[in-house]
Amino acid sequence: MPASTNTTARESGPTGRIGAMAARHARLVMWVWAVLIAASAVLLPLQLGRLSIPSTAMGDSPALRAAELITRGFPRLGSEQMMLAFDSPRWRGTDPAYQKAVSSTARALVDRAGVGTVLPVPTVTGQNSHHVYVSIGVTGDESVRRRRLPHLQDVAYRTAREASGGRVTVAVVGLTPVLAELIHADVKDLRFVEIVTVPTAVLLLAFGLGSLGAAVVPLVVAVSTILVSTGALMAMSLVTQVDTTMLTLASSVGLGLGLDYALLILLRYRQVRARGHSPLEATARATATAGTTVSWCALVVVTTSAALLIIPARNVRMLALGAMIATGITLCAALTLLPALLPRLDAWLDRGRLRRRNGLPGKTGTQGTAGPPENHGTGAKTGTDGWWTRWTLHLMRRPWPYLLSALTVLVLAATPVLGIRLGLHYDRTALAHTTTGQGLLRMEHDRLASVTVLALPHPPGFPPVDTTTLATALHADPRVALASALDNGKDLTVLAVGERNAPDSTASTSLLNDIHRLAPRLLPAGQRVLVAGPTAALADLKSAAVTGLWQVIGIVLAASFVLLLIVFRSVLIPLKAIAMNVLAVGAAFGVLTLVSEGTPTGGGVAGGGVNVLIPLLAFALVFGLSMDYEVFLVHRIAEHYHRSGDNARAVAHGLQHTARTITLAAAVMVVTFAGLLTTHRQDFQQMGLTVAAAIAIDVTLIRIVLVPSLMRLLGHRNWWLPHGLTRLLPAPRRTEAHAFPDSEASPLVSPRANHTSRTGALTEEQG
């Protein structure tokens, strides 16, 4: 490596040194990544069968304690009550042949491991005469039930078919079967999303960068990130449960951030190359500057995702872990694999040119010298860059009208969120064509949609708990199909309540609340009551998510403030960034609320309500991604301000020279998450819509209008830092300004003492 490159690496900070080392040992770096990709490719097909269902379990929820109590008191009643939903187009449920098929199926299941009590369900008012139901208790924890389910389903399907000559069919319905059916749809959807979004993102990059060759580089990094992230999750599945929701989120984050981070470093690389530096020098400088920005961006995403770990729901924690793993691997790829590739692909960056670059940073001329600065993104006022220059000058002259207009639009867009309806729903769209989904639909039409079990412990040797008054009251409730009590003869009485409404319905939640209200009054004084079943499990998860949302918001806001305070050594910039991101997130949820209110339950993006987990996941993810663009834009503003001391010029410079890059990066991210709208899962669709809308709002109103307008109006107050904090914060590093006199210094560089250039000039310095 040339001596100048070694000097650059020494003085450029950790990211520059990592990039220079990766470029110098490119063959080794690429071999390491090739091995990781190959291992992931081997693990993926082998471990897909080990993917678990999305878990509803929480550490110590009331429903879980009730289920454990019932399992101990009635081992054969099982830890989950599933339903065999029989159907025959020709025979009625009272026909002997039909009854024979039902009894044969029940006997076949009794002998199977994991099956406890098998009980016929009495016919309820309004039930279709061609439908018969049998309740089965399934033992084991969540993972054991998931593992045994395919065998139980196969035995039930085969026995019913053989015993009836194909005239009777059966579906196994319950929380575990419903969630298990989503796995197959998720894997297919994930493949389809990648098939759609990857080519679309490549075309977008090709037009944005001006050539197919340049677009291939971010694609290689993003695809490598997806494969290695998937491989890491598959390796985790060897020791713990990994579900398809976690896999889908990690793939989306890996694809979006992989393209984004590689794009930012690639653009800085082309800028440095345009100034006449060699590919190796350009790689070290690009990773030192843009690589530092990318590292802070990744840290923000990891921090906001980590806030989700406080939620006791295992599903939420695993999703947070998946996002953190994908982000960490993406950063590693951006700082190692990309620097190893750039010098070797330098000659290919202009291959397949689709248009003239119009000021886009590119590679040097054929003689190895840089072209004129105006042709390489250093202030050209032609083509697209000329448009951004004119917009910047216009915005700097009229900040107040644009600030107030953008704020008005955002507030109006966020207003519908006040009426948001949160809930947890079975994804009937994804289940519509499955055997379990059809059985669930039959049960709901027959108004026998679920079973809730009340666990009533009593001292050993005492008589069963008197449930007569409570059972009579429940019988009279139109939401209840039946109520039956059972005692184990030792220390536990249970009251099984057959619900007419689905466990994810508002009516079922209301019934659960009424049971909690009635039980203390209609049972013996002091009687302890625990409630188990799908309705109770979903209610506990919803309660934990809503309670945890405010804690997550507080942690994310505090962590974001501290990180940005350290990065920019300013109090107002973090406060402004937080306020702007809250507006963007609120507006995105306003859009989602409008869609959910206009969509009937059971179909479409929202399905009549917003999944209660979406605000948790989307807030953390969107806040992290929005901070990425905040860091990138304000980094550039800070770099110029710390050199010139002129706030107005710095804001103009930052907007003019990042707007196009931010727009392209955001467009790629919007395409990535909008791809989730093509899935069959409503929660994936809601997540995709929310994140895509938030990023679109962020890039069009926040980054391009609100942030520069507000920073222009705040002037030098942007950089205010109390003297006490100056001593507490890490000392700013000064090496980048010395190492890169002709490029952008790190935002950690101290402002120069000379602030004489405050004339308010709005044009960019050339060269």
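Modeller: Start with the elements. Helices (H or I, at least four residues) and strands (E, at least two) are DSSP runs, numbered from the N terminus. By that rule the protein chain has 24 helices and ten strands. This is a predicted model: local features need pLDDT of at least 70, side-chain atom pairs count only at pLDDT 80 or more, and totals for chains, interfaces and linings use all residues. Residues are numbered from 1 along each chain as its sequence is written, and side-chain values use heavy atoms, with hydrogens and water left out.

Colleague: What makes Ser570 buried?

Modeller: Its relative accessible area is 0%. Buried means under 20%, exposed over 50%, partly exposed in between (1.4 Å probe, protein chains only). With 0% against a limit of 20%, Ser570 is therefore buried. Ser570 belongs to the loop between α18 (534–568) and α19 (572–597). Across the protein chain, buried residues make up 60% of the 767 residues.

Colleague: Which residues is Ser570 in contact with, leaving aside its neighbours within four places in sequence?

Modeller: Leu565, Asn718, Trp719, Trp720 and Leu721. Contact means heavy atoms within 4.5 Å. Taking the protein chain's contacts with a separation of 6 or more, 81% join residues 24 or more positions apart.

Colleague: Trp719 is in that list. How do you know that Trp719 is buried?

Modeller: Trp719 has 11% relative accessibility. That is under 20%, so Trp719 counts as buried. Tyr641 passes too, at 4%.

Colleague: How many aromatic pairs does the structure hold?

Modeller: Three. Rings of Phe, Tyr and Trp (its six-membered ring) pair if their centres lie within 6.5 Å; planes under 30 degrees apart count as stacked, over 60 as edge-to-face and the rest as tilted. Take Phe619 and Phe623: their ring centres are 5.2 Å apart and their planes meet at 35°. The centres are within 6.5 Å, so the two rings pair.

Colleague: Why are Phe619 and Phe623 separated by about one helical turn?

Modeller: Because Phe619 and Phe623 stand four residues apart in helix α20 (residues 613–644). Both Phe619 and Phe623 are buried.

Colleague: What makes the pair of Tyr641 and Trp719 stacked?

Modeller: The angle between the planes is 15°, and the distance is 4.7 Å centre to centre. The angle is under 30 degrees and the distance within 6.5 Å, so Tyr641 and Trp719 are a stacked pair. Tyr641 sits in helix α20, while Trp719 is in the loop between α22 (682–714) and α23 (723–728), so the pair ties together parts 78 residues apart in sequence.

Colleague: Why is Ala496 called partly exposed?

Modeller: Its relative accessible area is 25%. That lies between 20% and 50%, so Ala496 is partly exposed. Ala496 is part of strand β8. Beyond four places in sequence, its contacts are Val451, Thr452, Val453, Leu482, Ala483 and Ser484. From Ala496 to Ser484 is twelve residues in sequence and 5.2 Å in space, C-alpha to C-alpha.

Colleague: And what puts Thr509 in the partly exposed class?

Modeller: A relative accessible area of 32%. This too falls between 20% and 50%, so Thr509 is partly exposed. Thr509 is in helix α17 (residues 506–522). Its C-alpha lies 8.2 Å from that of Ala536, 27 residues away along the chain.
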